[in-house]
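Dear colleague,

Please find below the structure that I am handing over to you, followed by an account of what was found in it. I would be grateful if you could read the notes alongside the coordinates.

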Amino acid sequence: MGRAGTGTGGEAVAAVVAGPLLLLLLARPPPASAGYSGKSEVGLVSEHFSQAPQRLSFYSWYGSARLFRFRVPPDAVLLRWLLQVSRESGAACTDAEITVHFRSGAPPVINPLGTSFPDDTAVQPSFQVGVPLSTTPRSNASVNVSHPAPGDWFVAAHLPPSSQKIELKGLAPTCAYVFQPELLVTRVVEISIMEPDVPLPQTLLSHPSYLKVFVPDYTRELLLELRDCVSNGSLGCPVRLTVGPVTLPSNFQKVLTCTGAPWPCRLLLPSPPWDRWLQVTAESLVGPLGTVAFSAVAALTACRPRSVTIQPLLQSSQNQSFNASSGLLSPSPDHQDLGRSGRVDRSPFCLTNYPVTREDMDVVSVHFQPLDRVSVRVCSDTPSVMRLRLNTGMDSGGSLTISLRANKTEMRNETVVVACVNAASPFLGFNTSLNCTTAFFQGYPLSLSAWSRRANLIIPYPETDNWYLSLQLMCPENAEDCEQAVVHVETTLYLVPCLNDCGPYGQCLLLRRHSYLYASCSCKAGWRGWSCTDNSTAQTVAQQRAATLLLTLSNLMFLAPIAVSVRRFFLVEASVYAYTMFFSTPGEAVLCILSYDTLQYCDFLGSGAAIWVTILCMARLKTVLKYVLFLLGTLVIAMSLQLDRRGMWNMLGPCLFAFVIMASMWAYRCGHRRQCYPTSWQRWAFYLLPGVSMASVGIAIYTSMMTSDNYYYTHSIWHILLAGSAALLLPPPDQPAEPWACSQKFPCHYQICKNDREELYAVT
C-alpha cells in the first residue's frame with residue numbers, strides 16, 4: 001500500500017492521501033539498504049533539489065497559486081517531496097490547510113472554487129494533498145512517488161479560497177504563510193538494456209533489477225516475456241514486473257505478476273510511447289533468502305506507415321497544384337526498421353501519416369495545419385494520423401484546442417468518423433476498441449456523423465510531449481458500406497494562451513515562474529471559471545449598468561464642493577474636485593470608458609488629492625505656500641499609488657501630514673488671539689462637526705466595510721460622503737480690506753497697483 005511519509009518531531013504532519021491510485025503512485029521506497037545514501041552495491045544514487053520559499057496567497061484565481069517546477073532526471077526510481085510550511089506567530093495567524101497539487105509534464109489543472117469548465121473541455125481531477133497548520137507554526141509532510149516519469153514535474157500550492165472583503169494593506173494585521181518544497185531523487189546507475197528479441201538473463205536476490213527498452217517511432221506493439229524461469233524458493237515464477245513510469249494525476253502503469261500465470265508469462269502493450277526508453281522493474285516475490293533466475297525478452301512489432309507524398313507539394317511553387325483527395329500516397333521506407341531485430345509487420349499499412357506544420361505565433365501560441373493546407377482524407381482501412389509537436393518544454397502553459405468539421409456531402413447516415421487524441425503515441429486500434437486507450441495513456445474520443453458534423457476538444461495545460469490526432473471511418477451497422485467511402489475532415493488545431501482570450505468578462509494574463517511561462521484568466525463582473533464562462537454568480541447586464549450608473553451618478557455629488565469652491569474663489573480646489581468627479585472605478589464591471597487599471601488609478605489619485613487640498617485649504621496658509629504644498633502633495637500621492645495602490649499609508653500618510661499642518665495653524669491662531677479658532681459656534685455646529693462626521697463615516701466604510709459583492713454600494717456611499725464633507729469643511733472666502741488699491745501714480749500714466757488684502761483669520 002502506498003503511503004505519504006511524515007516529518008520528524010512534534011511539527012510533523014502526515015500528508016493525507018487516499019484512493020486506489022496510491023496503490024501504484026505512493027508506493028514503498030526502495031529497500032532500506034538503498035535509502036538515500038547512494039550505496040554503490042545496489043547501483044542507486046541520490047540527488048537533492050530545492051527552490052526558494054514563496055509566500056502563499058488565499059485562492060481567488062489561478063494566479064493565486066504558487067507554482068514550482070522540478071526537472072526529474074532519467075532512470076529515477078523514487079521521488080520524495082519534502083513539503084515545509086511555516087507561518088508567523090501572532091493573533092492574525094489562524095488555523096489553515098495548505099493544498100498542494102502535483103502533476104507530471106504540465107502545471108496541474110485545479111479548481112478549488114468548484115466552478116464549471118467550458119463545454120468540450122477535457123479535465124482530469126488534480127492529485128493533491130493537504131498540509132494543515134493548527135497547533136504549531138511549522139508543519140512538514142512528505143510524498144513518495146515510485147517509478148516516476150522523467151522530465152518536468154510541477155507543484156502548485158495555495159491557501160483556502162479568499163474572502164470577498166476588500167482590505168487596505170497595512171490597516172488590518174496580516175499573517176504570512178510560507179511554503180518551500182524540496183525534492184530528493186533516487187535514481188539507478190546500474191541498469192540493463194533489453195535488445196529487441198534478445199533474451200536478457202537476470203537473477204533476482206533481495207534487490208530488484210532495473211531494465212529498460214527503447215521504443216522507436218512507429219511501434220505498433222511491445223511484447224514483454226519471461227522465459228526459462230527457475231526459483232529455489234517456490235514453484236512457478238515468483239516475479240513481479242512493473243512496466244512504465246508513473247504520471248500524475250492519471251496513471252496507467254502496468255504491473256505483471258507471474259506467480260501462477262500461464263507459462264510463459266507475457267505482457268502485451270499496444271501503441272507504447274514512441275521514441276523513448278521504457279522502464280521495467282523486476283522484483284522477486286520469494287523473500288530475502290530466495291533467488292529467481294529468468295530471461296527477459298522484448299519483442300517490437302513495427303507499424304508500416306503510409307505517408308502523403310511531399311513531392312507534389314514541392315512542385316506547387318512551379319504553378320503545379322496538389323489535390324489531397326487524389327490519393328497520392330506512398331509508403332515510408334524510412335520507418336520500416338525497428339532496430340536490428342525488430343519485427344516489421346508485413347500486413348497492409350497500419351496508418352496514414354499526414355505531415356503537419358508548426359507555426360509559432362507568439363508566447364504559448366502555436367498553429368498546426370496539414371502541410372498541404374487542405375482537409376484530411378479519412379477512410380476505413382487505416383487511421384489517418386497527425387502529429388502535433390508540443391515537446392519544446394514551453395507549450396504546456398496554454399490550452400490545446402482541436403476542432404473537426406466533416407464535409408456535408410460525404411457524410412452518410414451509416415458512416416461515422418471516429419477520432420482519438422493521445423499523447424506519446426497514436427491510437428491505432430479502431431477496429432478492436434473505441435476507448436482511445438494506448439499502453440500508458442487514456443485518450444480523448446471525438447466523433448463526427450451526419451447529424452453532428454462538428455466536434456471540438458479543449459485540453460487545458462497539455463503535457464509536454466508529441467500529441468497525435470487519429471481519425472478513421474467506421475460503419476457500425478455494416479462494415480461493407482465503408483469500403484469505398486471517403487470523408488474529408490477539416491481540422492483547426494491551435495495552442496492558445498487562453499480560450500477565446502477569456503471572453504468579454506475576463507482578461508488573459510501571462511504568468512511566469514523563473515523562465516517558465518503559463519497563462520490564466522482573471523474574471524470580472526462575477527464571472528468565474530477556467531475561461532470566465534461560469535455565470536453562476538455573474539451579474540446581468542442590467543446589474544452592471546445599474547452599478548455603473550450608481551458609481552457614476554454618485555460622483556455628481558462633487559458638484560456641491562465644486563460650486564462652493566468657485567463661489568469662494570478656490571479655483572485650484574474646484575479643479576481637483578472636478579477631476580475626482582470625472583473618474584470612477586466600476587469595480588469588476590465591463591462597461592468602462594477607459595481601461596479598468598487607468599480608472600482605478602485616477603479614482604484613487606483624485607480621492608487622495610481631494611482630501612489633501614481640502615485639509616490644507618482649511619489651514620488657511622499663505623497663498624504661495626498653499627499652492628506649493630498642493631503640488632508637492634499630489635506628486636507624492638501619485639508616486640505612492642504607483643508603488644502600492646492599496647497601501648494604507650498611500651492616502652493616510654499625506655492626510656495625517658496635512659492634518660498636522662492644519663492643527664498647528666489653528667493652535668497658533670488660538671494662542672495668538674487668546675480665543676478658540678474658528679470663533680463662531682455656528683461654524684462648528686453646522687459645518688465642521690457635520691463635515692468631520694461624514695468624513696469619519698466615509699473612511700470607516702472605505703477601510704473596513706467594502707467587499708466584492710457590495711463594492712458598488714459602499715464605494716458610491718464613499719463618493720457621497722467624501723464630496724459632502726468637502727463642501728462643508730471648505731472655509732469661507734478671504735475678506736479683502738481695500739481690493740486692488742493703487743498706491744502710487746506716475747506721470748507717464750502707468751500705475752503700480754498693490755493688493756492690500758491681508759489674511760483675516762477671523763472666520764464668521
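**Strand pairing**

Strand β15 (residues 239-243) pairs with β16 in the antiparallel sense over four bridges. Within that pairing, Val-243 stands opposite Lys-254 in β16. Two strands are taken as paired if DSSP finds at least two bridges between them, and helices (H or I, at least four residues) and strands (E, at least two) are DSSP runs, numbered from the N terminus. Both strands belong to an open sheet of five strands with mixed pairing, in the order β11-β13-β18-β15-β16. Its edge strands, each pairing on one side only, are β11 (192-193) and β16 (254-257).

**Basis of the values**

This is a predicted model, in which local features need pLDDT of at least 70 and side-chain atom pairs count only at pLDDT 80 or more, while totals for chains, interfaces and linings use all residues. Residues are numbered from 1 along each chain as its sequence is written, and side-chain values use heavy atoms, with hydrogens and water left out.

**Nonpolar cores**

A nonpolar core is a set of buried Ala, Val, Leu, Ile, Met, Phe, Trp, Tyr and Cys residues joined through side-chain atoms within 4.5 Å; buried means under 20% relative accessible area, exposed over 50%, and partly exposed in between (1.4 Å probe, protein chains only). The largest such core has 44 residues, and Tyr-577, Ile-611, Trp-612 and Leu-616 have the most contacts inside it. Two or more residues come from each of α2 (541-554), α4 (571-582), α5 (596-619), α6 (623-643), α7, α8 and α9 (711-729). Of these, α5 gives the most, with 13 residues. Not counting residues up to four places away in sequence, Trp-612 touches Leu-629, Phe-630, Gly-633, Thr-634, Ile-637, Pro-654, Phe-657 and Ala-658, where contact means heavy atoms within 4.5 Å. Another core, of 38 residues, lies apart from the largest one and includes Phe-368, Ala-419, Phe-441 and Leu-446.

**Aromatic pairs and charges over rings**

A search of the whole structure finds 26 aromatic pairs. Rings of Phe, Tyr and Trp (its six-membered ring) pair if their centres lie within 6.5 Å; planes under 30 degrees apart count as stacked, over 60 as edge-to-face and the rest as tilted.

The pair of Tyr-444 and Trp-467 is stacked, because the ring centres are 6.4 Å apart and the planes stand at 10 degrees. Tyr-444 lies in strand β30 (residues 444-449) and Trp-467 in strand β32 (residues 465-474), so this pair ties together parts that are 23 residues apart in sequence. Both Tyr-444 and Trp-467 are buried.

Trp-666 and Tyr-677, by contrast, form an edge-to-face pair, because their centres are 5.6 Å apart and their planes are at 75 degrees. Trp-666 lies in helix α7 (residues 648-673) and Tyr-677 in the loop between α7 and α8 (681-704), so the parts tied together are 11 residues apart in sequence. Trp-666 counts as buried at 13% relative accessibility, as does Tyr-677 at 4%.

The ring of Tyr-677 also has the charged end of Arg-669 over it, 5.2 Å from its centre. A charge sits over a ring if NZ of Lys or CZ of Arg is within 6 Å of the ring centre and within 35 degrees of the ring normal. The charged end of Lys-212 likewise sits over the ring of Trp-277, 4.6 Å from the centre. One aromatic cluster is formed by Tyr-62, Phe-117, Phe-154, Tyr-461, Tyr-516, Tyr-518 and Trp-530.

**Disulfides**

With a disulfide defined as a pair of cysteine sulfur atoms within 2.5 Å, the count comes to seven. Cys-303 and Cys-350 form one of them, with their sulfur atoms 1.4 Å apart. The torsion about their S-S bond is about 80 degrees, so this disulfide is right-handed. Cys-303 lies in the loop between β19 (292-302) and β20 (305-308) and Cys-350 in the loop between β22 (343-344) and β23 (351-354), 47 residues apart. Both of these cysteines, Cys-303 and Cys-350, are buried.

Cys-420 is joined to Cys-436 (S to S 1.8 Å), and this link is left-handed, with -70 degrees about the S-S bond. A disulfide also joins Cys-523 to Cys-532 (S to S 2.0 Å). Cys-523 counts as partly exposed at 22% relative accessibility, whereas Cys-532 counts as buried at 4%.

With kind regards
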